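Please look at the empty spaces in the protein shown below. Rolling a probe the size of a water molecule over the atoms shows where empty space is left.

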Amino acid sequence: MRLPGLPPSELDPDQRAVYEAITGGPRAAGPRLFDLTDEAGRLLGPFNAMLLSPPLGAALQGLGAAIRYESHLPARSREIAILAVAAHWDSAFEWAAHVAVGRHAGLGDDELAAIRSGASPGDPAERLVLETVRALLTRSTLTDEEYDAAVGGLGERALFELTTLVGYYAMLALQLRVFSGEHPG
């Protein structure tokens with residue numbers, strides 16, 4: 001771990017506000033499917049680095065909460081997309097955390113293995129989500145045909161939310177590599 005976790009007792013007021021938004025916000029309200037803190041109360045995963053810059057950390061945790069709890073993407077589709085990003089970046093924390101969330105959303109072991117291996121789910125809408133995410137991850141754009149298919153099958157709002165999700169979780173994977181020392185493969 002490159003960036004040691006900060007004990008809650010050592011946080012300044014701005015860091016404390018970010019900490020409380022993470023540990024007391026919607027991530028903590030529902031079923032807790034992965035740990036946000038360790039036994040000493042220090043933030044885990046990408047959340048710890050958010051304390052380095054409270055203004056950015058507050059904005060990022062708010063964006064993440066909006067993606068997970070206020071998006072119009074169906075829960076299964078959202079988790080398929082997050083898991084595709086985690087698999088692409090080989091992000092162990094995000095993969096493990098969102099396997100738990102994905103299972104809670106109804107994804108089975110075969111579906112999780114398919115996402116990890118690059119296969120596609122059988123549901124046409126979920127397949128469209130996964131194909132769109134994979135195009136964004138590999139080419140950073142969509143062809144006109146892919147855009148038309150995504151808008152036609154998902155709608156413009158869902159496509160906007162999906163592109164935001166891809167960018168957010170790719171950023172988290174990058175920050176995990178840098179600040180946690182998480183290495184691929």
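How much space lies in the largest pocket? About 220 Å³ of space lies in the largest pocket, and of the 15 residues lining this pocket, those closest to its centre are Pro-31, Leu-33, Arg-68, Tyr-69 and Val-101. The model is predicted, with local features needing pLDDT of at least 70 and side-chain atom pairs counting only at pLDDT 80 or more, while totals for chains, interfaces and linings use all residues. Residues are numbered from 1 along each chain as its sequence is written, and side-chain values use heavy atoms, with hydrogens and water left out.

On a 1 Å grid over the protein atoms alone, a cavity is a set of points where a 1.4 Å probe fits but cannot get out, whereas a pocket is an open set with protein on both sides within 12 Å along at least five of seven lines, and lining residues have an atom within 4 Å of a point. Points are joined across faces, edges and corners, and a volume is the space filled by probe spheres set on them.

By this rule there are 2 cavities of 30 Å³ or more.

| Space | Volume |
|---|---|
| Largest cavity | about 80 Å³ |
| Second largest cavity | about 50 Å³ |

Of the 10 residues that line the second largest cavity, the closest to its centre are Gly-45, Asn-48, Ala-49, Phe-179 and Ser-180. For the largest cavity, 13 residues form the lining, and Arg-27, Phe-47, His-98, Tyr-169 and Leu-172 are the closest to its centre.
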